[in-house]
Amino acid sequence: MRLVAFEPVYSEDSGSDLEKGPMTAQTRSRSDAPSERLITMNPVARRTGAWQSAPRFAGFALMLSLAASLACRPADEAPRVLLVGIDGASLRVIEPMILEGRLPHLAAIARNGVHGPLRSGKPIFSPRIWNTIATGKRPEKHGIEDFSKTDANGKTTLMLATDRKVHALWNIASDAGMQVGVVNWWNTYPLEPINGVMVADHLMGADIKGRLVLTDAQAVPPGQLVYPTTWQERVAALFEQERNITDVPNPFETVGELTPGAESSRDNLSRRFVEDGIVVQIAQEIENEVHPELMMVFLSGIDRISHFLWGNLEPPELYPESMRPPDAQREAGVRALQEYYRYTDALIGLLAENYGPDDLVMVVSDHGFEAGVRLQHLTGIHESNKAIDGVIFARGRDIAKGKIAHSMSIRDVTPTLLAWLGMPVAEDMDGKVGHFVKTPQLPKIATYDIEPVPHITSAPSGSEQEMLDRLRMLGYFEEN
Ligand SMILES: [Zn+2]
């Protein structure tokens, strides 16, 4: 189905009002004072000093020696990275809510670090963007250019991890000997055997069903969803508990009648709330047991909710009369949307709980939203420049404090994280290191893409099939 942009909704500058609010008044300086430059090296950089004398290419032997030097260090000595992806989160909602004190965890990151818009690219398709975020490369280079692909026989299938042609951040970190946790990141099925734990996005049944409907693609053959298999049982058990780990109630169980399009999807929207909670509980278990140096967690809920509720943010008089919802429905929609942001903020707080001031906590979104009309309903879409900016929040050692993150793009996330970790950026990455990172940078290497990334493509064993069956019984994983 085609989504139609609804034009006259809000002014052009509404997505770039970063410097209007009192929250940012003290952070207006766009250049960092030289005195702020830190002379101490990040411990990882110290340990990986071999890179500094490295030639400007990544030899395999060099990778091995780096891996060896990283593998023998005590894990709790190294600063760690938490990267949380919140699909479709917009500063238009976040900034007023921070000013009202309703998003305390994002506010704390902004206060202790940087925040600002994260420029995306068109077409604004999540898989293109999230893979650029995870690789530092444009979609034409990383290979995930769309939701789905059509083969020579006209068969449409979802794009998978095997379509990604380059190393993602988790591969690079894992190859360097770091412990890595990856939960629900876009296109992580089939799984990749990493040094740590990886939970495929295809574990989240509601989301995969949505993608199949959106693309009219055939269901993907079942396979292993959790790596290593020793983690399958505990992951499956989290689905059976279905508990709310925050103090924010599920808005779809409490708010009054929503606009018709959203009301008829209330169960689906409610399921997103539960799935985001499960994703965080999986990440918490990995954190508690593995204590990874790089953790990447993806929460899809805000995007999926916004597709139904964003339109409610617009003043009713801007819409044709036939589409104008009663005030009560519109207000319920705004309340549910804001409560979902509050829930996501609480989840970010839980994910960041164990990360100290020296660790890097970064939260990014891939795009914002704009109002549009879909099936005669007022809704949310992301198609034009009005929706092209996501967000970036980051705090930690060697990160500027209380500043605006400006001119940041989705291509910059991976180079920025590598630089912060004291690892070289590759020449074949399309992004740059964020201006707010004070870690001394190593010379670039040519590429991390020397060897192909291995995947687990074997058919599921008995235990995996049992896990899929259990999830199907619980309604999480439905056959299409
Ligand atoms: Zn979307």
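## Where helix α4 meets helix α13

Let's start at a meeting point between two helices. Pro104, His105 and Leu106 of α4 touch Asp345, Ile348, Gly349 and Ala352 of α13. Sorted by class, the residues of this contact are four nonpolar, two polar and one charged. Keep in mind as you explore that this is a predicted model.

How do we describe such a pair? Two packed helices are described by the angle between their axes and the distance between the axes. Helix α4 covers residues 104–112, and its axis lies 7 Å from that of α13, at an angle of about 60°. That angle makes α4 oblique to α13.

On the α3 side the contact is made by Val93, Ile94 and Met97, and on the α13 side by Leu337, Gln338 and Tyr341. Five of the residues in the contact of α3 with α13 are nonpolar, one is polar and none is charged.

Which residues of α3 are buried? They are Leu91, Arg92, Val93, Ile94, Glu95 and Ile98. These buried residues pack against α4, β3 (114–119), α13 and β13 (389–395). After α3 comes glycine 101, which has a positive phi near 75°.

## The nonpolar core

Now step back to the largest nonpolar core, which has 127 residues. Within this core, Leu106, Val199 and Val297 touch the most other members. Helix α13, residues 327–352, gives the most to the core, with ten residues.

What does valine 199 touch, if we skip residues up to four places away in sequence? Its contacts are Val183, Asn184, Leu225, Val226, Val235 and Ile282.

## Helix α9 and its two sides

One of those contacts of valine 199, Val235, is also a buried residue of helix α9. This helix spans residues 232–241, and its buried residues are Gln232, Val235, Ala236 and Phe239. Looking down the axis of α9, you would find the buried residues within an arc of 100°, so they line one face of the helix.

What about the other side of α9? There, Ala237, Glu240 and Gln241 are exposed. Just past the end of α9, glutamate 242 has a positive phi of about 50°.

## A buried residue in a loop

Where is leucine 160? Look in the loop between β5 (156–158) and α7 (169–175). Is leucine 160 buried or exposed? It counts as buried because it has 20 C-beta neighbours inside 10 Å, and 20 or more is what the cut-off for a buried residue asks.

Leucine 160 also shows how a chain can bring together residues that are apart in sequence. Leucine 160 and asparagine 187 are separated by 27 residues in sequence, yet their C-alpha atoms are 5.1 Å apart. Setting aside neighbours within four places in sequence, leucine 160 contacts Asn187, Tyr189, Pro190 and Val220.

## The whole chain

Finally, here is the wider picture. The protein chain has 15 helices and 15 strands. Of its 480 residues, 50% are buried.

Notes
Residues numbered from 1 in each chain as written. Predicted model: local features only at pLDDT ≥ 70, side-chain atom pairs only at ≥ 80, totals over all residues. Core = buried A, V, L, I, M, F, W, Y, C linked by C-beta atoms within 7 Å. Buried ≥ 20, exposed ≤ 12 C-beta atoms within 10 Å, placed from the backbone. Helix = DSSP H or I, 4+ residues; strand = E, 2+ residues; numbered from the N terminus. Contact = placed C-beta atoms within 7 Å. Nonpolar A, V, L, I, M, F, W, Y, C, P; charged D, E, K, R; others polar. Axes fitted to C-alpha atoms, helices over the stretch in contact; angles between N-to-C directions. Parallel < 35°, antiparallel > 145°, perpendicular 65-115°, else oblique. Arc of directions from axis to C-beta.
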